[in-house]
Amino acid sequence: MIPLDSLIELRGVHAGYEGVEVLRGIDLVVPAGQVLAVLGPNGAGKTTLLSVIAGLVRPTRGDVLFGGRRVTGVDPVALARAGLCLIPEGRGVFANLTVAENLWLAAGSDRSREVVESRAFEVFPRLGERRDQLAGSLSGGEQQMVALSRALVSDPAVLLLDELSMGLAPMVVDDLYRRVVDIARMGVTVVVVEQFVRTISHIADRGIAVISGRIVLDGRIEEISPQLHSAYFSSSEEVST
Ligand SMILES: Nc1ncnc2c1ncn2[C@@H]1O[C@H](COP(=O)(O)OP(=O)(O)OP(=O)(O)O)[C@@H](O)[C@H]1O
Ligand SMILES: [Mg+2]
């Protein structure tokens, strides 16, 4: 039975690249409105999991459901139009376009540019000051603000965030995640990948730990946190022996 409020569901998903299996049987239900943290060590399959949800990697087995409908194999552009917004690892901005142009692209053609800009600049005034600057010349934190603004102006149902914190100072990361909380409060379901639980412990309702392509822990962050260390450790033992 599908829980009524299930927004994203993965059923027995296996996926990988050119014959190498990365995800090895993922069952996951993400209810609407949840902020879910996907934790796990390097190479565990966290990015692959987001890519499967966004339609960028097609499962070799199993199914993906969005709003109760099977979307396995559906084109990622169609999924984006249906409300899935992926902010990929390493900043999803167009470096050769200005801040304003990045925002217009994200919002599509049916919204006025003034409305789009005012919405983004209200949340990130610093971007307003840099409206005509090329996104590639912004600082790392500012580039992530542009990436998050894409989510703000495209009104997604689901925001998929991949290691927003990468290479940024902890204070910048905290500030960005405060905006993510604001976005979640608007009713957006958020799936956020992070390697370290402390980065997102205060914003996520629930956490899963992915190790070697399987979900090994699933629960409230405070419940799973104490078990993470030993789960990571036993996974590295597995690799080294
Ligand atoms: N495009 C690709 N082609 C081939 N192999 C890939 C590709 N992308 C990822 N992989 C491999 O799949 C495995 C899982 O990668 P994935 O990026 O999902 O891990 P991750 O948990 O996001 O790791 P990290 O914390 O380092 O970002 C790794 O062994 C990686 O080398
Ligand atoms: Mg990754």
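**Exercise 1.** Which residue in strand 4 is the bridge partner of L10?

*Solution.* The model under study is predicted. Begin with the two strands concerned: strand 1 (residues 6-17) and strand 4 (residues 61-66) pair in the antiparallel sense, over 5 bridges. Within strand 4, the bridge partner of L10 is V64.

**Exercise 2.** Determine how helix 6 and helix 7 are oriented relative to each other.

*Solution.* Two packed helices are described by the angle and the distance between their axes. Here, the axes of helix 6 (residues 140-153) and helix 7 (residues 170-185) come within 11 Å and cross at roughly 5 degrees. Angles under 35 degrees count as roughly parallel; therefore helix 6 and helix 7 are roughly parallel to each other. The residues that meet are G141, Q144, L148, A151 and L152 in helix 6 and V172, L176, R179 and I183 in helix 7. By class, this contact has 6 nonpolar, 2 polar and 1 charged residues.

**Exercise 3.** Describe the shell around ligand 1.

*Solution.* First, identify the residues: ligand 1 is surrounded by Y17, V22, G40, N42, G43, A44, G45, K46, T47, T48 and Q195. Second, classify them: 3 are nonpolar, 7 polar and 1 charged. Third, find the main contributor: helix 1 (residues 46-53) supplies the largest share of the shell, 3 residues.

Technical notes. Residues are numbered from 1 along each chain as its sequence is written. Chains are lettered from A and ligands numbered from 1 in the order in which they are written. This is a predicted model: local features need pLDDT of at least 70, side-chain atom pairs count only at pLDDT 80 or more; totals for chains, interfaces and linings use all residues. Axes are lines fitted to C-alpha atoms, for helices over the stretch in contact, and angles run from 0 to 180 degrees between N-to-C directions. Helices (H or I, at least four residues) and strands (E, at least two) are DSSP runs, numbered from the N terminus. Angles under 35 degrees count as roughly parallel, over 145 as roughly antiparallel, 65 to 115 as roughly perpendicular and the rest as oblique. Two residues are in contact if their C-beta atoms, placed from the backbone, lie within 7 Å. Ala, Val, Leu, Ile, Met, Phe, Trp, Tyr, Cys and Pro count as nonpolar, Asp, Glu, Lys and Arg as charged, and the others, Gly among them, as polar. A residue is near a molecule or strand if its C-beta atom, placed from the backbone, lies within 6 Å of it. Two strands pair if DSSP finds at least two bridges between them.
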